[in-house]
Amino acid sequence: MICPFCDKSLLYKERPNRTCSRCKRRFALEPKTNSLRMTDVRVRRLLVKRTDGGRLKISVNQLGAAALPRTSPGKSRSPVVEALGCLWVPLLVGIVMVIVGLSAAEMGAFAIFGGILVLIFILGVSAAFIGGRKERRTTDPLSGFRSLMRHDWTDVYGSLPPGVVEDFPYRAVHVPEGARIALLCPDRAIAAFLVANGIPERYGVAVTTEIGRLPEGMPVVVLHDASAPGCRLVIRTRAELPGRTVIDAGLPPRAVMSTPGAPARRGDKPARDLIQWLGESGTLTKAELDWLAKGWTVSLVAIRPARLLVAVTKTVERVAATTRTDPERREAEAIGFLTWPGEAGR
């Protein structure tokens, strides 16, 4: 790795206790001991990209999302399928050896070795199945990165990197003077990002992460990710706020589920009742429901911050214009403004 202070290339033995043997300074992240193989230098490079050269402030999760390996929904295979692809040869050879060993005299060793190969196949597939279930239960792939930044990084540098902000406080609502629009975003990292970059004060937007904390008498913009709970949030908000304008400004599954480069992740499958309920709402296509039912999601933190900020800005400007011209309007809208850019847009 490269020392973040003296720029020297260091072997593992040359950086004991996260200390450079050349300049004797201690760094924060040891790539050998974290699953993302993060280093101080890589964090700084990602920070420049995600903050648009320091123009924006971002949350820890938005920074970490750039470090996660991408998974394509169209090409992803289960661990069991991958294990079968690697172990089918030992299985075939083992079966042949068992058959030969049992059918020919003085060939018992063949049967023994064949049985060992078959056992290796069974153990490999079983391990892949168990590992796949554990992986699907990991619903927060950024927890490790957050721990690195809030403990190892702050231990060395004293605070989070410049331009990185903490999550929006629990059960909080940010209401600027003259607010006339309410924005509901359950993702505390994104809510903090919007507040840190001045959206509330610039456009008169009250921000909160909970329906029960929404100010009264304002049109509501719901910002959510492409997931079953995210899609449910819009419907639930409209049901709990009858007569209020509720605008779906989320990331629709159709915008990402077949798009190359979209950072989809597969977690636990949603409850069947939830998928059925979403289907009965009439807000999603069958293809979208099938995608959600498999546990696929695309989080808002994975969207390039500069692009997300532009999209949210356009939405609140549109709502603000509607509010000024027709303050009594109660017609719910469905904007669905977020789409995933191609390679040139990242």
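A residue is taken as buried when its relative accessible area is under 20%. By that criterion, 45% of the 346 residues in the protein chain are buried. The model is predicted. Its protein chain has eleven helices and nine strands. The chain exposes about 18,100 Å², and carbon and sulfur atoms supply 55% of that area. Contacts in the chain with a separation of 6 or more were also examined by sequence distance. Residues 24 or more positions apart account for 71% of these contacts.

The segment before α1 includes Met1. Met1 has a relative accessible area of 19% and is therefore buried, the cut-off being 20%. Neighbours within four places in sequence were set aside when its contacts were listed. The remaining partners of Met1 are Lys8, Ser9, Leu10, Arg15, Phe27, Leu29, Pro31 and Thr39. Met1 and Val41 are 40 residues apart in sequence, yet their C-alpha atoms are 8.9 Å apart in space. Val41 belongs to helix α1 and is one of its buried residues.

Arg18 also lies in the segment before α1. Its phi is positive, at about 55°, although Arg18 is not a glycine. With a relative accessible area of 17%, Arg18 is buried.

Helix α1 spans residues 40–50. Its buried residues are Asp40, Val41, Val43, Leu46, Leu47 and Arg50. Asp52 follows the helix. Its place is in the loop between α1 and β1, the strand at 58–59. Asp52 is a residue other than glycine, and its phi is positive, near 55°. Is Asp52 buried or partly exposed? Its relative accessible area is 39%, so Asp52 is partly exposed.

Helix α1 packs with helix α5, which covers residues 143–157. The angle between them is about 105°, and their axes are 13 Å apart. Angles of 65 to 115 degrees count as roughly perpendicular, so α1 and α5 are roughly perpendicular to each other. Asp40, Val43 and Arg44 of α1 and Met149, Trp153 and Tyr157 of α5 make the contact. These residues divide into four nonpolar, no polar and two charged.

Helix α8 comprises residues 228–240, and helix α9 comprises residues 272–281. The two pack at an angle of about 50°, with their axes 11 Å apart. The angle makes α8 oblique to α9. Their crossing is left-handed. On the α8 side, the contact is made by Ala228, Pro229, Cys231, Arg232, Ile235 and Arg236. On the α9 side, it is made by Leu274, Ile275, Trp277, Leu278 and Ser281. The contact residues divide into eight nonpolar, one polar and two charged.

The second pair joins α9 to helix α10, residues 286–293. Here the packing angle is about 165°, and the axes are 10 Å apart. Angles over 145 degrees count as roughly antiparallel, so α9 is roughly antiparallel to α10. The crossing of α9 and α10 is right-handed. Ile275, Leu278 and Gly279 in α9 meet Leu289, Leu292 and Ala293 in α10. Five residues of this contact are nonpolar, one is polar and none is charged.

Thr209 provides an example from a loop. It is found between β5 (205–208) and β6 (220–222). Which residues does Thr209 contact, leaving aside its neighbours within four places in sequence? They are Phe168, Ala172, Leu184, Cys185, Pro186, Arg188 and Ala191. Thr209 has a relative accessible area of 12% and is therefore buried.

Notes: Residues are numbered from 1 along each chain as its sequence is written. This is a predicted model: local features need pLDDT of at least 70, side-chain atom pairs count only at pLDDT 80 or more; totals for chains, interfaces and linings use all residues. Side-chain values use heavy atoms; hydrogens and water are left out. Buried means under 20% relative accessible area, exposed over 50%, partly exposed in between (1.4 Å probe, protein chains only). Helices (H or I, at least four residues) and strands (E, at least two) are DSSP runs, numbered from the N terminus. Axes are lines fitted to C-alpha atoms, for helices over the stretch in contact, and angles run from 0 to 180 degrees between N-to-C directions. Angles under 35 degrees count as roughly parallel, over 145 as roughly antiparallel, 65 to 115 as roughly perpendicular and the rest as oblique. A crossing is left-handed if the near helix is turned anticlockwise from the far one by less than a right angle, and right-handed if clockwise. Contact means heavy atoms within 4.5 Å. Ala, Val, Leu, Ile, Met, Phe, Trp, Tyr, Cys and Pro count as nonpolar, Asp, Glu, Lys and Arg as charged, and the others, Gly among them, as polar. Accessible areas come from the Shrake-Rupley method with a 1.4 Å probe; for residues, only the protein chains shown count as cover.
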